[in-house]
Amino acid sequence: MIVSTGINITSVFVSDFIGILMLTLILSTRGFVLPTRKNESNLLFVLIIATLIDCLVDPFAYYCDARPGVFNYTISFIANSILYIHNFIVGAGVLFLVSIHIHKKISHFHKILVSVIFIIEATMLIVNIFKPIIFKIDENNVYHRLGGYMLFIMFGMLLVLYGLVIYIIARVRDGSLRYFPVWEFLLPITFCIIIQTLFYGISIQPTGFALSFTAIVISMQHESLYIDKLTGAYNRYELDKLIDISNRKRKRIFAAIMLDLNDFKRINDTYSHTEGDNALIVLVNIITNIIQNNGVVIRFAGDEFIVIINKADENTVSYYSKKINDSIEEYNKTSDKPYQLSAAIGGDIFDISDENSTDFMKKIDQLMYINKSEYYKTHDRRGQG
């Protein structure tokens with residue numbers, strides 16, 4: 001005899017089917033692939049696959065609920081365990097995605113935090129096999145939540161909300177993160193977790209996750225319009241937008257630095273344009289690792305780059321210029337390339353309310369070329385790029 005649980009199986013199947021459809025479209029169109037952002041693309045792919053599995057497993061968990069027999073018991077237990085694992089994957093994945101997108105890496109603290117939560121949850125799921133502490137399936141094969149359920153929900157929400165806090169702090173410092181509106185995809189996740197927790201029998205969580213990852217893909221594909229496809233730096237569209245935003249504000253003080261690779265023409269002519277491209281990528285990686293979310297790296301033209309640093313004082317330009325030069329020297333010491341990287345750097349502090357964009361661009365260009373001229377006093381100008 002099947003015990004009534006009040007669950008509308010048809011609505012569960014329809015809801016999960018919508019989620020499967022959305023995720024399948026993303027996979028078939030390769031919408032998760034982001035130019036120059038391999039780590040983020042891979043992480044998005046994992047999250048999409050995990051959520052697709054979640055949408056496929058969810059109907060089985062509900063369908064087998066309260067149906068008699070060892071087979072239904074086994075499927076129900078396994079399916080519900082997978083759903084709990086997915087909650088952890090989403091929480092950890094969202095935190096890592098935000099961290100990589102903003103800081104270009106996952107910090108040791110984030111790795112430790114996720115590892116600790118994973119160990120706790122994995123241990124609880126193993127214990128739950130022998131002594132139910134998270135959920136149980138009774139003698140009628142009816143699923144019941146237990147005290148450990150709320151701990152799983154709290155851990156998942158902690159990771160998601162922590163990712164949101166990281167974003168908010170970085171967003172205040174870096175205006176370019178407007179293309180990565182975290183709240184737009186965290187809101188459906190949070191809303192669906194709360195609703196499904198409060199009202200058992202409603203299955204909207206898998207579909208909510210699918211909707212969230214669809215929003216992530218749309219946002220990041222939109223952002224890619226402003227990304228240089230070779231180096232991963234922002235392109236001139238972003239510079240124009242930043243200047244436009246600055247012009248609409250009463251006061252906007254920032255540091256602007258222009259960099260140009262020395263001997264770039266020689267690298268291209270002697271070692272190939274592919275090697276020249278690699279040199280540009282290395283330079284951007286060096287600058288990005290130093291600037292992180294304190295500013296924006298823009299490929300202005302060819303081997304010329306502009307760095308806009310959001311908050312600046314009189315030591316900002318010299319501080320970052322030195323750090324960039326030191327990092328280039330460190331790279332040269334460990335690189336097996338047949339050439340040495342070097343960059344001409346010039347910059348200053350500007351108040352966009354007092355001078356127009358043409359003035360500040362002209363000034364940093366002149367300062368950069370003064371530095372480049374000093375370099376070519378001791379180097380062959382035939383390699384000038």
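Accessible areas come from the Shrake-Rupley method with a 1.4 Å probe; for residues, only the protein chains shown count as cover. By that method, the protein chain exposes about 18,700 Å², and carbon and sulfur atoms supply 63% of it. This is a predicted model: local features need pLDDT of at least 70, side-chain atom pairs count only at pLDDT 80 or more, and totals for chains, interfaces and linings use all residues. Residues are numbered from 1 along each chain as its sequence is written, and side-chain values use heavy atoms, with hydrogens and water left out.

**Overall build**

- The protein chain has 12 helices and 6 strands. Helices (H or I, at least four residues) and strands (E, at least two) are DSSP runs, numbered from the N terminus.
- The protein chain has 385 residues, and 51% of them count as buried. Buried means under 20% relative accessible area, exposed means over 50%, and partly exposed lies in between (1.4 Å probe, protein chains only).
- Take the contacts in the protein chain with a separation of 6 or more: residues 24 or more positions apart account for 71% of them. Contact means heavy atoms within 4.5 Å.

**Helix H10**

- Helix H10 covers residues 273-291, which makes 19 residues. From first C-alpha to last it reaches 27 Å, close to the 27 Å expected at 1.5 Å a residue. The expected span of a helix is 1.5 Å times one less than its number of residues.
- The buried residues of H10 include Glu275, Gly276, Ala279, Leu280 and Val282. Further along, Ile286, Ile287, Thr288, Ile290 and Ile291 are also among them.
- These buried residues pack against strands E3 (253-261), E4 (295-301), E5 (304-309) and E6 (343-351). They also pack against helices H9 (264-271) and H11 (316-334).
- Just after H10, Gln292 takes a positive phi of about 50°.

**Helix H7**

- The 19 residues of H7 should span 27 Å at 1.5 Å a residue, and its end C-alpha atoms are 27 Å apart, which agrees.
- H7 is largely enclosed by the rest of the structure, because 15 of its 19 residues are buried.

**The largest cavity**

- A search of the whole structure finds 4 cavities of 30 Å³ or more. On a 1 Å grid over the protein atoms alone, a cavity is a set of points where a 1.4 Å probe fits but cannot get out. Grid points are joined across faces, edges and corners, and a volume is the space filled by probe spheres set on the points.
- About 270 Å³ of space lies in the largest cavity. It is lined by 17 residues, and the closest to its centre are Tyr62, Asn80, Leu83, Tyr143 and Gln196. Lining residues have an atom within 4 Å of a point.
- H2, helix H3 (70-103), E2, helix H5 (147-173) and helix H7 (205-223) each supply at least two residues of this lining.

**Two loop residues with positive phi**

- Arg30 is not a glycine, yet it has a positive phi of about 55°. Its place is in the loop between helix H1 (9-28) and helix H2 (38-64). Arg30 counts as exposed because its relative accessibility is 51%.
- Asn141 is not a glycine either, and its positive phi is about 65°. Asn141 lies in the loop between strand E1 (135-137) and strand E2 (143-145). Its relative accessibility is 6%, so Asn141 counts as buried.
- Leaving out residues up to four places away in sequence, Asn141 touches Cys64, Asp65, Ala66, Arg67, Pro68, Gly69, Asn72 and Tyr73. Asn141 and Cys64 are 77 residues apart along the chain, but their C-alpha atoms are separated by 7.9 Å.

**Cysteines**

- Cys64 counts as buried because its relative accessibility is 3%. Cys55 is at 0%, so Cys55 counts as buried.
- The whole structure holds 0 disulfides. A disulfide here is a pair of cysteine sulfur atoms within 2.5 Å.

- Ser15 lies in helix H1. It is buried, because its relative accessible area is 12%. Not counting residues up to four places away in sequence, Ser15 touches Ser203, Ile204 and Thr207.
- Ser318 has its place in helix H11. At 46% relative accessibility, Ser318 counts as partly exposed. Ser318 and Asp348 are 30 residues apart in sequence and 9.0 Å apart in space, C-alpha to C-alpha.

Key: 1 Å grid on protein atoms, 1.4 Å probe; cavity = no way out; pocket = protein on both sides within 12 Å on 5 of 7 lines; lining within 4 Å.
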